[in-house]
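Subject: Structure handover

Hello,

Here is the structure you will be working with. Please open it, then read the notes below.

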Amino acid sequence: MPTPHELAIKQALKTNAEIGRVIASLGTTQHPRGTLLTAYRTTRRAMENNTGNPQTVREALGQLRISVQQAIREAMATGVAIGLTAGQRNLEIYGLPPARGLNVTLEQAAIAAVIATLDSQIAAIQATVNARMASKGEILGDDNRVGMLTPAPVQRQAAHWIATVAAGSFLFIVTPQGEQGSGAGGQGVNRKVYLKQAIAAIDERTTECCLEVNGQTQPLDQPFILTGEPRYADEQMEPPFHDYCRTATALVREAEAEDDSTQQMVEAAQAELAARKETGTPKEIHPASSISRR
């Protein structure tokens, strides 16, 4: 029968996969029919032969903003739900009282951050067109260059904030406000008894940063210590630790923080790092888990 720690790790890996599906729903290279990429393709078609017409460009970009904003709102709401569900499930695993509450501010700020990236792009395109200086290639790109109307910056920001709101919602649910924990709903987690643990999914795409942090535990109110590249910073409270990060977190009793499950995670990550150093390249690993090996 799985231990509570093993169940918490399994939930973290499920969270990783669910975040990936939300990002894919917006669109990636592997999932080109996502809502975000579809909105950009529709805008490109509307502007194909009209990049010199300010009114047409303005209308097309206005519709793009409406479509992207709706897609981002839905994606962030789902990200929050993923984090809340993961937090509640962790509490259930350890027999802790259910928490209530929702960090609405985080979700709204995340939406605003992504839309700000889109608005900056729209403003630059509109200014160029209004100045009568735009060429079709400059706006839409061609075989040799990416144009100004590219989904990549918005995709990157969306992926970052989806993972952030999921991790933030998880932490909001399980982190106490006082020593014994009042939490989001008055029933928190005793920070002297429980730690948070970074759980990476090991495969050929796992970064050096996430391999190094896999299995690391920290007090709920202390940051993870990060090494390896790429990483946003040397210390962070929660993932994502870099663009398109797939690491999630789990609760673990402090008394079990160095158990066999943790040792297996650390050893698997170090084995993959050693294998890459020896061969110089990653190798496909399937299925991905926190203890996967070649």
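How many bridges join strand β3 to β4? Three bridges join β3 (residues 194-199) to β4, and the two strands run antiparallel. Q197 stands opposite T217 in β4.

A word on the source before going on. This is a predicted model, in which local features need pLDDT of at least 70 and side-chain atom pairs count only at pLDDT 80 or more, while totals for chains, interfaces and linings use all residues. Residues are numbered from 1 along each chain as its sequence is written, and side-chain values use heavy atoms, with hydrogens and water left out.

**The sheet**

Strands of a sheet pair through backbone hydrogen bonds, either parallel or antiparallel. Here three strands form an open sheet in the order β4-β3-β7, with antiparallel pairing. The edge strands are β4 (217-219) and β7 (248-253), each pairing on one side only. From one strand to the next, the twist averages 35°. Two strands pair if DSSP finds at least two bridges between them. Strands are DSSP runs (E, at least two residues), helices likewise (H or I, at least four), numbered from the N terminus.

**Two packed helices**

Helix α1 (residues 4-26) packs against helix α3 (residues 54-93) at an angle of about 175°, with the axes 10 Å apart. That makes α1 roughly antiparallel to α3 (the term covers angles over 145 degrees; under 35 is roughly parallel, 65 to 115 roughly perpendicular, the rest oblique). Axes are lines fitted to C-alpha atoms, for helices over the stretch in contact, and angles run from 0 to 180 degrees between N-to-C directions.

Contact means heavy atoms within 4.5 Å. Residues of α1 including L7, I19 and V22 meet a group in α3 that includes I72, I82 and I93.

At 1.5 Å a residue, its 23 residues should span 33 Å, and its end C-alpha atoms are 34 Å apart, which agrees. (The expected span is 1.5 Å times one less than the number of residues.) G27 follows α1 and has a positive phi, near 125°.

Most residues other than glycine have a negative phi, and most peptide bonds are trans. Look at Y244. Its phi is positive, about 60°, although Y244 is not a glycine. Y244 sits in the loop between β6 and β7. At 42% relative accessibility, Y244 counts as partly exposed (buried is under 20% relative accessible area, exposed over 50%, partly exposed in between; 1.4 Å probe, protein chains only).

A cis peptide bond joins E229 and P230, with omega about -10°. Another cis bond joins H286 and P287, with omega about -5°.

Best wishes
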